Amino acid sequence: LGLHREDTPEGVVWCRQDRREVPRPSHRIGDLRGVLGGDPAPDLRWPDVLMLDTETTGLMGGTGTLAFLVGLGWWDDDGFQVRQLFLPEPGFEAPLLAAIEGQARGFRAVATYNGASFDLPLLRTRARLSRRDDPVAALAGWDLLVGARRQWSRRLPDCRQQTVEEAICQRPRRGGDIDGALIPATYQHYLRTAELGDLEPVLRHNRRDIDGLALVLAALAEGARRRGDGPGPATPWCDAWSQALICERRREVEL
């Protein structure tokens, strides 16, 4: 799977990291005011934002659900980095959570997709069960699903991440992926048999989700930048409506 072992004071962590071709947004983070669930701090920079996505043993959450794969992405001077942390068996959960916490220390915000309802509460629960602090408690939470619904829900058939990636970011998913509904069973098969099976497509799916988070965040920033100019003559009514509501949240009500 391309994973390597890291021996940490908390225990063994299995991970892999690579650089992805995802350009840093050219717009100001401050333009996202009124778009996300929480407004960004005035001095926040793009390298301060950590992308996070989990693959889990169940899609409903709850105390019995494990996050067996956690993808983390961020921009630095060398480009967009993606680091994936893999849980080879439940007994390695504590060092995985510690690795997330260690990575999060260098950031000020965490961006997810539906993470406010799923990913972040799940990590918080797993940390409590391991008698640890929430690994991303110090970071402001940005749920990009909120921004996608505010900007594009009147235009798109739904606001699933892959729909937004294809329709707004012009980045459709290609082959080699796996249906998200099959991911829990794939990991459970691995635990029962020790066979890798479709774990590689699972890691690829997670990495593409992290790439997609960065693309959607950049698209939200680009759309937010256009708010100040107002809708142009060719702007569809649905986008103009969304722009007006966002301007209202920002208290930009002057014509």
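This note walks through the pocket, ring pairs, cysteines, salt bridges and backbone of the structure above.

1. **Basis.** The model is predicted: local features need pLDDT of at least 70, side-chain atom pairs count only at pLDDT 80 or more, and totals for chains, interfaces and linings use all residues. Residues are numbered from 1 along each chain as its sequence is written, and side-chain values use heavy atoms, with hydrogens and water left out.

2. **The largest pocket.** Rolling a probe the size of a water molecule over the atoms shows where empty space is left. The largest pocket holds about 650 Å³ of space. A pocket here is an open set of points on a 1 Å grid over the protein atoms alone, where a 1.4 Å probe fits, with protein on both sides within 12 Å along at least five of seven lines. Its volume is the space filled by probe spheres set on the points, which are joined across faces, edges and corners.

3. **Its lining.** The largest pocket is lined by 21 residues. Lining residues have an atom within 4 Å of a point. Asp-53, Tyr-113, Gln-161, His-205 and Asp-209 lie nearest the pocket centre. Two or more lining residues come from each of strand E3 (49-56), helix H4 (161-167), helix H5 (183-193) and helix H6 (199-225). Helices (H or I, at least four residues) and strands (E, at least two) are DSSP runs, numbered from the N terminus. E3 gives the most, with 4 residues. By class, the lining has 8 nonpolar, 7 polar and 6 charged residues. Ala, Val, Leu, Ile, Met, Phe, Trp, Tyr, Cys and Pro count as nonpolar; Asp, Glu, Lys and Arg are charged; the others, Gly among them, are polar.

4. **Aromatic pairs.** Rings of Phe, Tyr and Trp (its six-membered ring) pair if their centres lie within 6.5 Å; planes under 30 degrees apart count as stacked, over 60 as edge-to-face and the rest as tilted. By this rule there are 8 aromatic pairs. One of them joins Phe-86 and Tyr-187, edge-to-face, at 6.1 Å centre to centre and 85 degrees between the planes. Phe-86 lies in strand E5 (residues 79-86) and Tyr-187 in helix H5, so the pair ties together parts 101 residues apart in sequence.

5. **The aromatic cluster.** Tyr-187 also pairs with Tyr-190: the ring centres are 5.8 Å apart and the planes at 35 degrees, so this pair is tilted. These two tyrosines are 3 residues apart in helix H5, about one helical turn. Phe-68, Phe-86, Tyr-187 and Tyr-190 form one aromatic cluster. Phe-86 is buried at 5% relative accessible area, Tyr-187 at 0% and Tyr-190 at 14%. Buried means under 20% relative accessible area, exposed over 50%, partly exposed in between (1.4 Å probe, protein chains only).

6. **Cysteines.** How many disulfides does a search of the whole structure find? It finds 0. A disulfide is a pair of cysteine sulfur atoms within 2.5 Å. The sulfur of Cys-159 has its closest cysteine sulfur in Cys-238, 11 Å away, too far for a bond. Cys-159 is buried at 12% relative accessible area, and Cys-238 is buried at 9%.

7. **Salt bridges.** The whole structure has 20 salt bridges. Each is a side-chain nitrogen of Lys or Arg within 4 Å of a carboxyl oxygen of Asp or Glu. One of them joins Glu-21 and Arg-19, with the closest N and O atoms 3.5 Å apart. Glu-21 is exposed at 60% relative accessibility, while Arg-19 is partly exposed at 46%.

8. Glu-165 and Arg-173 meet at 2.9 Å, N to O. Both are buried. Arg-208 forms a salt bridge with Asp-177, the closest N and O atoms being 3.6 Å apart. This pair links distant parts of the chain: Arg-208 is in helix H6 and Asp-177 in the loop between H4 and H5, 31 residues apart. Asp-177 is partly exposed, at 24%. Shared partners join Glu-165, Arg-173, Asp-177, Arg-208 and Asp-209 into one network.

9. **Positive phi.** Most residues other than glycine have a negative phi. Asn-114 has a positive phi, near 65 degrees. It sits in the loop between strand E6 (109-112) and helix H2 (119-129) and is partly exposed at 32% relative accessibility. Gln-170 also has a positive phi, near 55 degrees. Gln-170 lies in the loop between H4 and H5 and is exposed, with a relative accessible area of 59%.
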